[in-house]
Amino acid sequence: MDPQTKNYVLTICCQDAIGIVAAVAGFLSGRNLFISESSHYGDPEHHRFFMRTVFRGPADPGELTELKDAFATTVEKFGMNWRIDDASKKPRLLILVSKFDHCLNDLLYRYRVGALPVEIPAVVSNHPDLQRVVEWHGIPYFHLPVTKDTKAAQEAKILEMVDSLNIDLVVLARYMQVLSPEMCKALAWKAINIHHSFLPSFKGAKPYHQAHARGVKIIGATAHYVTSDLDEGPIIEQVVERIDHTQTAEDFIAIGRDIENIVLSRAVKFHVERRIIPNGSKTVVFRQ
C-alpha cells in the first residue's frame with residue numbers, strides 16, 4: 001500500500017432513493033480513490049438505505065478533511081447520516097465480567113493472537129476471581145464489587161473509566177449484573193451483551209433450564225446491544241445448535257458456552273470493523 005494512503009470505512013444511512021450507490025462510487029472514483037469493499041441494503045419496509053464502503057484515501061489529515069468537506073454536497077442531496085473511520089485504528093474495549101470466564105478467555109485469546117483488532121486497556125469485574133488470567137495478558141484488572149446500595153457509585157466509576165480510557169465499546173462478557181437505565185442510556189449503541197439463550201425466548205435467569213423444561217430441539221446464544229429493556233436490545237448475531245431429548249440441562253449449558261464464545265466474538269468483530277448500522281430497534285450487519 002502507498003504510505004501516503006490509508007484504508008477508511010464509510011458508513012451511510014438515509015432515505016432510500018435512486019442513484020445513491022452511483023453518487024458515492026462516482027465521488028470516490030472521481031478523486032481517484034480505490035474502493036476495495038462495498039455493500040449496501042435498501043430496507044423495503046421502512047424505505048431506508050444502508051451502505052458500507054471501504055476505500056483507500058489520503059493519509060494526510062488535511063487532505064482527509066478536504067475530502068469530507070467535498071462529500072458534503074452528496075450528503076446534503078440525500079440527507080445522509082454518515083461517518084468515515086480510519087480502518088487501521090484499533091477500537092478500545094472495556095470488558096465487564098463476573099465469575100464465568102469462558103467468553104473472557106475467548107476474547108483475550110483472539111486479542112492476543114491478533115484475530116480481534118482491538119486494544120483492551122482494562123477489565124472490570126464485580127468479583128476478584130479472574131484477576132490472574134487478565135493480568136497474565138498484561139491487562140489491568142479492576143475489582144469493583146457491587147451491592148444494591150453501592151450500584152450507582154460502582155456504575156459511576158465504570159463510566160469514569162469509559163471516559164478516561166477513551167473506550168469505544170463496552171463488552172459484557174457474562175457480566176451478571178443488570179445495568180441501570182441511566183447507564184444503559186450513557187452507553188447506547190456502545191455496549192454489547194451476550195445472552196445465553198436464543199432471544200426473544202427464555203429471557204432473564206437460567207435460560208438453559210427454561211429451555212430444557214420446555215423440551216426445545218435447538219438452543220442458541222444471542223449478542224445484542226444493551227438497552228434498559230432487559231435482553232431486548234437490537235440483535236447483532238445469533239447461533240443455534242441442535243440438541244435432543246437425551247441431553248440434560250447441564251449438557252445444554254456446556255454446549256451453550258461454546259456457542260456464546262462464537263456469538264460474542266463475532267458481534268464484537270462486526271462492531272469494531274464498522275459493519276453494523278442501527279436500523280430503529282434492529283441492526284443492519286454487513287457480514288462480508
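Mentor: Let us begin with the term helix: a helix here is a DSSP run of H or I with at least four residues, numbered from the N terminus. The model is predicted, and Gly62 is found in helix α2, which covers residues 61-78.

Trainee: Why is Gly62 called partly exposed?

Mentor: Its relative accessible area is 35%. Buried means under 20% and exposed means over 50%, so Gly62, at 35%, is partly exposed. As to its position, Gly62 lies 25 Å from Ile167, C-alpha to C-alpha, and the two are 105 residues apart in sequence.

Trainee: What makes α1 roughly antiparallel to α2?

Mentor: The axes of α1 (residues 20-30) and α2 cross at roughly 170° and come within 11 Å. Angles over 145 degrees count as roughly antiparallel, and therefore α1 is roughly antiparallel to α2. Their crossing is right-handed.

Trainee: Which residues make the contact of α1 with α2, and how do they divide by class?

Mentor: From α1 come Ile20, Ala23, Val24 and Phe27, and from α2 come Leu67, Ala70, Phe71, Thr74 and Phe78. By class, eight are nonpolar, one is polar and none is charged.

Trainee: On which strands do these two helices lie?

Mentor: α1 lies across β1, β2 and β3 (48-58), at about 10° to β3. α2 lies across β1, β3 and β4, at about 20° to β1.

Trainee: How do you know that β2 and β4 are edge strands?

Mentor: The open sheet of four strands has the order β2-β3-β1-β4, with antiparallel pairing. β2 (34-43) and β4 (81-86) each pair on one side only, as edge strands do. From one strand to the next, the twist averages 15°.

Trainee: How do you know that β1 and β4 pair?

Mentor: Two strands pair if DSSP finds at least two bridges between them. Six bridges join β1 (residues 5-15) to β4, and the two run antiparallel. One of the bridge partners is Trp82 in β4, which is set against Ile12.

Trainee: Which residues meet where α3 and α8 are in contact?

Mentor: His102, Cys103, Asp106, Leu107 and Arg110 of α3 meet Arg257, Glu260, Asn261, Leu264, Ser265 and Val268 of α8. They divide into four nonpolar, three polar and four charged residues.

Trainee: What leaves one side of β7 and of β11 without a neighbour in the sheet?

Mentor: The open, mixed sheet of seven strands has the order β7-β6-β5-β8-β9-β10-β11. β7 (141-143) and β11 (235-242) stand at its edges with a single partner strand each, so one side of each has no neighbour in the sheet. Within this sheet, β5 (residues 92-97) and β8 (residues 169-172) run parallel and are joined by four bridges; Ile95 has Val171 as its bridge partner in β8.

Trainee: What joins β12 to β13?

Mentor: Four bridges pair β12 (residues 276-279) with β13 (residues 282-285) in the antiparallel sense. Ile277 stands opposite Val284 in β13. Their hairpin has two residues between the strands, and Gly280 takes a positive phi near 65° there.

How values were computed: Residues are numbered from 1 along each chain as its sequence is written. This is a predicted model: local features need pLDDT of at least 70, side-chain atom pairs count only at pLDDT 80 or more; totals for chains, interfaces and linings use all residues. Side-chain values use heavy atoms; hydrogens and water are left out. Contact means heavy atoms within 4.5 Å. Ala, Val, Leu, Ile, Met, Phe, Trp, Tyr, Cys and Pro count as nonpolar, Asp, Glu, Lys and Arg as charged, and the others, Gly among them, as polar. Buried means under 20% relative accessible area, exposed over 50%, partly exposed in between (1.4 Å probe, protein chains only). Axes are lines fitted to C-alpha atoms, for helices over the stretch in contact, and angles run from 0 to 180 degrees between N-to-C directions. Angles under 35 degrees count as roughly parallel, over 145 as roughly antiparallel, 65 to 115 as roughly perpendicular and the rest as oblique. A crossing is left-handed if the near helix is turned anticlockwise from the far one by less than a right angle, and right-handed if clockwise.
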